[in-house]
Amino acid sequence: MKVIEKIADMKRLRQQLAEPVGFVPTMGYLHEGHLALVRQARAENPSVVVSIFVNPTQFGPQEDFSHYPHDPERDLALLEKEEVDIVFMPSAAEMYPPQFNSWVEVGKLTERLEGASRPGHFRGVATVVARLFNIVQPTRAYFGQKDAQQAIVIKKMVADLNMNLEIVTVPTVREPDGLAMSSRNTYLSPEERQAAAVLYQALSLAQKLWSEGERDAQRLRQEMIALIQKEPLASIDYVSIANAETLDELDTVNPPALVSLAVKIGKTRLIDNVVLE
Ligand code: AMP
């Protein structure tokens with residue numbers, strides 16, 4: 001496994017990789033969710049590249065960029081075990097030299113949900129992902145369903161800008177109590193960790209009501225909100241039931257519908273989703 005820090009070196013080594021090339025972009029502090037992406041990439045491609053880069057431009061000024069968890073040694077040991085070919089780990093200075101001044105904006109889809117709560121977030125994501133695609137030139141790139149809107153936005157960018165790769169979405173990996181794995185779960189105290197199960201409980205409730213025949217989206221939102229409000233450590237940012245392609249909020253639930261939510265547990269903001277099909 002080669003660990004590369006410079007863009008020029010990554011571009012050069014790329015030319016020597018066997019095709020097709022699978023690529024997994026991450027911000028590090030890896031867990032089983034990331035590793036599911038890596039394993040799928042490994043199974044489907046003779047070459048696998050993983051990037052680890054905590055992208056400053058996708059964090060808002062009040063967000064957790066400066067204390068985002070990191071443990072590169074542990075990450076590299078995990079990726080070595082998965083037989084990754086190249087880990088691309090650029091510095092912030094390498095990715096954002098002082099003269100850097102170009103941005104990728106994906107329209108409408110980025111105005112809602114995470115985009116509405118985190119202004120500028122998807123501009124940062126789309127810009128860094130587009131650049132990573134240009135540097136790594138993957139045949140396929142793997143994204144988690146955990147960040148459903150991110151995967152949708154990236155697919156839209158790839159389609160609109162005629163980028164020459166396939167985007168693969170991988171199912172969400174969960175803890176035994178249903179909590180979606182996330183590097184940010186590490187911020188939770190033991191009490192908050194228990195409370196965090198309420199996100200998946202709310203999603204499961206929507207799934208249950210849907211399977212019992214409920215089609216009124218507002219009723220589903222209200223039931224989810226009522227359940228979350230019973231948890232004293234939880235405060236809701238949004239609860240959404242939207243068309244899974246356009247992200248337009250629904251009155252009547254027509255499949256596929258994306259049920260997604262952002263909830264703060266103490267100071268930690270967590271997101272999760274399920275699709276009603
Ligand atoms: P991050 O390091 O948080 O930027 O995540 C890197 C990639 O891993 C993204 O495509 C995420 O959607 C994906 N990912 C993160 N957590 C999970 C999870 N629990 N299950 C599946 N994919 C995940």
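**The ligand and its surroundings**

An oxygen atom of the ligand sits 2.6 Å from an N or O atom in the side chain of D147; a polar contact here is a pair of N or O atoms within 3.5 Å, and within protein one must be able to donate a hydrogen and the other to accept it, while residues adjacent in sequence count only if both atoms are side-chain atoms. The ligand on its own exposes 490 Å², and the protein buries 93% of that, with areas from the Shrake-Rupley method and a 1.4 Å probe, where for residues only the protein chains shown count as cover.

Before I go on, this is a predicted model: local features need pLDDT of at least 70, side-chain atom pairs count only at pLDDT 80 or more, and totals for chains, interfaces and linings use all residues. Residues are numbered from 1 along each chain as its sequence is written, and side-chain values use heavy atoms, with hydrogens and water left out.

Back to the ligand. For H34, an N or O atom in the side chain is 2.8 Å from a ligand oxygen atom. For G144, a polar backbone atom is 2.9 Å from a ligand oxygen atom.

**Helix α9**

The 15 residues of α9, 197-211, should span 21 Å at 1.5 Å a residue, and the end C-alpha atoms are 21 Å apart, which agrees. The expected span is 1.5 Å times one less than the number of residues. Among the buried residues of α9 are L199, L203 and W210; buried means under 20% relative accessible area, exposed over 50%, partly exposed in between (1.4 Å probe, protein chains only). After α9 comes G213, with a positive phi near 110°.

**Two single residues**

R14 lies in helix α1 and counts as buried because its relative accessibility is 6%. P190, in helix α8, is exposed at 70%.

Note on methods: Helices (H or I, at least four residues) and strands (E, at least two) are DSSP runs, numbered from the N terminus.
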